[in-house]
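Subject: Structure handover and what was found in it

Dear colleague,

I am passing on the structure we talked about, together with some notes to read beside it.

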Amino acid sequence: MTKLRLAIVGAGPAGIYAADLLIKAERHFDVSIDLFDHLPAPYGLVRYGVAPDHPRIKGIIGALREVLDRGDIRFFGNVRYGVDLTLSDLKKHYNAVIFATGAIRDATLDIAGIDLDGSYGAADFVSWFDGHPDVPRTWPLTASSVAVLGNGNVALDVARILAKHPDDLLPTEIPANVYEGLQESPVTDVHVFGRRGPAQVKFTPLELRELGEVPDVDIVVADEDFDLDPASEAAIASNKQVMVINRVMNQWRTRPAGTASRRLHLHFYAKPLEVLGADGAVTGIRYERTRPDGAGGVEGTGEIRELPIQALYRAVGYFGSPLPDVPFDERRGVIPNREGRVLDDHDEVVPGVYATGWIKRGPVGLIGHTKSDAMETLSHLVRDQASWWTPADPAEESIVTLLDSRGVVFTTVDGWHHLDQYELGLGAAAGRTRIKVVARDEMVAVSNQTPEA
Ligand SMILES: Cc1cc2nc3c(=O)[nH]c(=O)nc-3n(C[C@H](O)[C@H](O)[C@H](O)COP(=O)(O)OP(=O)(O)OC[C@H]3O[C@@H](n4cnc5c(N)ncnc54)[C@H](O)[C@@H]3O)c2cc1C
């Protein structure tokens, strides 16, 4: 029977689901799958994106772990495609590769002052509070008033983590340095800005409702934002999700003013125009009041407002990163593809090269969507047998020999178990569920049970 030696680059949900679905698929060939990730631990943004105070979603790691624990997929962590492994290496040892490298960068926002000190990308902050090994250990939390630009769930995550009292995050897995950093924060007011109205937000109802339950944080909404136009009324009447969101916001509007020590303000119909600064640092935000344009969008009213702030986070989307020797769409931040088959500059299919997850589709959608994504990609991979690569050296041990010869200290599924147990142990000792290890060297040393480099 033919054997498909498959490399998957990226051990986030997209990569793990792709491996799992292929193993379980009805097929006329054997498979042997190696999963590579440049981080020492698997799970991608489930570990390094999903907010620490969302334990139910973090719990998806349990399901992904079961896939790896079955033992029919090899995991090589701490291996970076483009540095430790090249496309020609993969062609030498595998029949095909699926890139599932996701997105970790912030999309840009082209407004004046966005590069001032105190203006940050949400993705960088998320990486910090989720303990990503490749970001600095400290975060400048000196602002009392902060703006968060964006009306999606990432904006809510950022706003909530900024507004929450750090002790309320202690039951979560936040790393020690993050807890200490948040304790220094003098924040009193977090302002979330959206260009459109409350019926057009991209928040999910659960995430929005949760804001109202944060201890000692009042939610502030303005009546002027709830003078709904017919399109908004129709959206509320026809879409259950929008209806619930509207109900939640109206409950906040009618609550008596609170006395909490921190406030989270939701500003709608507010289009950021400029980040104001003095001496190179953020001092305020200038924005224009918008109104519905009657066609589902908004238009400027010409009314300009300013709000003093000392820090700003743009949560306007994530963006994929290019990979060496792999086509890349600079405009969309994805690997160009047709249903997962990677395309070259002439829109021709590149044999043996596939994509799945956020790097395939762009950074939208929930973890569950990466499953259907993987199905689509795999349906082509399975049918493309005639155009798979013919590797010169497909032996399973050859990749281990190659990594060893390059001095790449990789981690494995067993290594993840060691790290997992260690983090749970750190947590137990402090009366918490888990405390994440942040430093890459320490992650590798704990995983491989070796002295730290
Ligand atoms: C802040 C935030 C919060 C979120 N919250 C939720 C939520 O509550 N619920 C929900 O369902 N979804 C949530 N999502 C969405 C969810 O995280 C994504 O749908 C999902 O993670 C995308 O999976 P992926 O495998 O494509 O990418 P990723 O999860 O990003 O995985 C990609 C993997 O590829 C690896 N990689 C990248 N480059 C290389 C390279 N050169 N070599 C080797 N490996 C590489 C990365 O290390 C990473 O492990 C959230 C996303 C963000 C950003």
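The notes below go from the domains to the ligand, then to the core, and end with some single residues.

Please keep in mind throughout that this is a predicted model.

**The two domains**

The protein chain is divided into domain 1, which is made of residues 3-104 together with 320-410, and domain 2, which covers residues 107-318. Ten residues from domain 1 and 15 residues from domain 2 take part in the contact, and on the side of domain 1 that touches domain 2 the residues divide into eight nonpolar, one polar and one charged. The C-alpha centres of the two domains lie 33 Å apart. A UniProt annotation, from an unreviewed entry, gives "domain: FAD/NAD(P)-binding" for residues 5-165; over that stretch the chain is 35% helix and 19% strand, and the C-alpha atoms at its ends are 49 Å apart.

**Around the ligand**

Which residues are the closest to the ligand? The ligand is surrounded by 35 residues, and the closest of these are Gly-10, Gly-12, Gly-44, Gly-102 and Gly-357. Two or more residues of the shell come from each of the elements α1 (13-24), α2 (44-48) and α7 (153-163). Sorted by class, the shell has 19 nonpolar, 13 polar and three charged residues. Because domain 1 and domain 2 both give residues to this shell, the ligand lies between them.

**The positions listed as binding site**

The unreviewed UniProt entry lists Ala-14, Leu-45, Trp-358, Gly-365, Leu-366 and Ile-367 under "binding site". Although these positions span 354 residues in sequence, no two of their C-alpha atoms are more than 12.3 Å apart, so they gather at one spot. Gly-365 is found in the loop between α12 (358-361) and α13 (369-383), and with 13 C-beta neighbours inside 10 Å it counts as partly exposed. Leu-366 lies in the loop between α12 and α13 as well, and Leu-366 is exposed, with 12 other C-beta atoms within 10 Å.

The unreviewed UniProt entry also places a "binding site" feature at Asn-151, Gly-152, Asn-153, Val-154, Arg-195, Arg-196, Glu-207 and Gly-365. Two of these positions are worth a look in the viewer. Gly-152 lies in the loop between β7 (145-149) and α7, where it is partly exposed, with 18 other C-beta atoms within 10 Å; leaving aside its neighbours within four places in sequence, Gly-152 is in contact with Lys-202, Phe-203 and Ala-315. Val-154, in turn, is found in helix α7. Is Val-154 buried or exposed? It has 24 C-beta neighbours inside 10 Å and therefore counts as buried, since the cut-off for a buried residue is 20 or more. If residues up to four places away in sequence are not counted, Val-154 touches Ala-122, Val-126 and Ala-315.

**The nonpolar core**

The largest nonpolar core has 113 residues, and those with the most contacts inside it are Val-146, Val-148 and Val-158. Helix α7 gives the largest share of this core, namely eight residues. Both domain 1 and domain 2 give residues to this core, so the core lies between them. As an example, Val-148 touches Ala-155, Val-158, Ala-159, Val-190, Val-192, Tyr-313 and Ala-315, again not counting residues up to four places away in sequence.

How many of the eight residues of helix α6 (residues 122-129) are buried? Seven of them are, so this helix is largely enclosed by the rest of the structure. The buried residues in α6 are Ala-122, Ala-123, Phe-125, Val-126, Ser-127, Trp-128 and Phe-129. Just after α6, Gly-131 takes a positive phi of about 70°.

In helix α10 (residues 230-238) you will find Ala-237, which counts as exposed, with 10 C-beta neighbours inside 10 Å. Ala-237 and Gly-197 are 40 residues apart in sequence, and from C-alpha to C-alpha they are 15 Å apart in space.

With best wishes

How values were computed
Residues are numbered from 1 along each chain as its sequence is written. This is a predicted model: local features need pLDDT of at least 70, side-chain atom pairs count only at pLDDT 80 or more; totals for chains, interfaces and linings use all residues. A residue is near a molecule or strand if its C-beta atom, placed from the backbone, lies within 6 Å of it. Helices (H or I, at least four residues) and strands (E, at least two) are DSSP runs, numbered from the N terminus. Ala, Val, Leu, Ile, Met, Phe, Trp, Tyr, Cys and Pro count as nonpolar, Asp, Glu, Lys and Arg as charged, and the others, Gly among them, as polar. Domain bounds come from an automatic or database domain assignment. UniProt positions are given in the numbering used here, feature names are shortened, and annotations may be inferred rather than shown by experiment. Two residues are in contact if their C-beta atoms, placed from the backbone, lie within 7 Å. A nonpolar core is a set of buried Ala, Val, Leu, Ile, Met, Phe, Trp, Tyr and Cys residues joined through C-beta atoms within 7 Å.
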